[in-house]
Amino acid sequence: MSTRIAFLKGHGTENDFVIVPDPENVIDLPPAAVAALCDRRAGIGGDGLLHVVRSAAHPEAQAMAADAEWFMDYRNGDGSIAEMCGNGVRVFARYLQRAGHVAEGDLAVATRGGVKTVHIAKDGDVTVGMGKAVLPDGDVTVSVGERSWPARNVNMGNPHAVAFVDDLAHAGDLYAPPPFSPAAAYPDGVNVEFVVDRGPGHVALRVHERGSGETRSCGTGACAVAVAAARRDGADPTVTGTPVTYTVDVPGGTLVITERPDGEIEMTGPAVIVAEGEIDADWLETATSA
């Protein structure tokens with residue numbers, strides 16, 4: 001390692017990330033190093049880490065290099081590897097723009113979940129293609145205390161249970177995973193969204209992300225909520241041929257979700273770089289070995 005390592009800090013609707021530019025993939029970032037950097041008290045702090053690497057330089061992304069120059073090597077805050085993060089892709093694109101690697105307009109970003117299409121608008125918002133939703137059959141129920149609600153099972157590459165409620169306070173503290181049934185619906189756990197209506201085509205949510213508790217924003221969760229709301233409201237773009245758009249308020253801001261007639265879902269929202277600096281490599285080595 002060099003004596004110091006460049007980093008930036010950014011967020012998308014308050015889903016925040018440590019950004020480590022490393023075009024040639026020369027910086028070693030084992031799980032303990034990522035966890036140390038994402039620690040909110042002893043490190044920089046973040047929900048995850050965006051390792052910025054050229055696709056041709058990373059063994060997991062070389063096959064995508066012809067389609068996307070840059071690879072988002074995304075890590076969860078605990079250091080584990082993840083396939084994708086919708087809010088993270090927006091912040092990743094904002095960094096590429098800030099660094100002069102890309103301009104406004106369309107680009108492609110390689111992820112472990114495949115190549116994602118991205119559009120950086122003149123107004124600063126970033127749109128990410130999130131793929132298609134899968135709606136498994138079967139009834140699901142989620143509960144908080146004495147209350148229970150029917151929920152819509154939506155899979156965005158990860159599982160979601162979407163429950164429409166009268167008041168977001170009914171979700172409780174969301175520290176622990178809300179109970180659900182049947183257990184067979186989500187053998188590996190589930191992200192649970194509690195949703196209220198704000199107006200036509202406008203909803204708000206709180207979310208318990210499995211393994212994390214309540215978070216300020218969840219990109220796949222916002223997409224799942226928009227799909228569930230559309231079906232509840234009798235809209236299916238794959239049937240009508242007409243796109244459907246919902247504004248989704250999350251605790252950290254607002255996302256706009258559009259489901260197209262081909263089933264593809266687009267998420268639009270802000271992406272902000274708030275700081276940049278240098279990591280002391282000696283500190284990182286010490287923190288990693290502690």
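I started at Y74, which is buried at a relative accessible area of 5% (buried is under 20%, exposed over 50%, partly exposed in between, with a 1.4 Å probe and protein chains only). F17 counts as buried too, at 0% relative accessibility.

A note on the source: this is a predicted model, where local features need pLDDT of at least 70, side-chain atom pairs count only at pLDDT 80 or more, and totals for chains, interfaces and linings use all residues. Residues are numbered from 1 along each chain as its sequence is written, and side-chain values use heavy atoms, with hydrogens and water left out.

Next I looked up ring pairs (Phe, Tyr and Trp, the last by its six-membered ring, with centres within 6.5 Å; planes under 30 degrees apart are stacked, over 60 edge-to-face, the rest tilted). I get three aromatic pairs by that rule. F17 and Y74 make an edge-to-face pair, because their ring centres are 6.0 Å apart and their planes sit at 75°. That pair links distant parts of the chain, with F17 in strand 2 (residues 15-21) and Y74 in strand 4 (residues 70-76), 57 residues apart.

Both W149 and F194 are buried.

Then I went to helix 3, residues 219-232 (helices are DSSP runs of H or I, at least four residues; strands are E, at least two; both are numbered from the N terminus). Of its 14 residues, 13 are buried. Just after helix 3, I noted G234 with a positive phi of about 80°.

Last, I found the charged end of R232 over the ring of F164, 4.4 Å from its centre (the rule wants NZ of Lys or CZ of Arg within 6 Å of the ring centre and within 35 degrees of the ring normal).

Conventions
Expected span 1.5 Å × (residues − 1).
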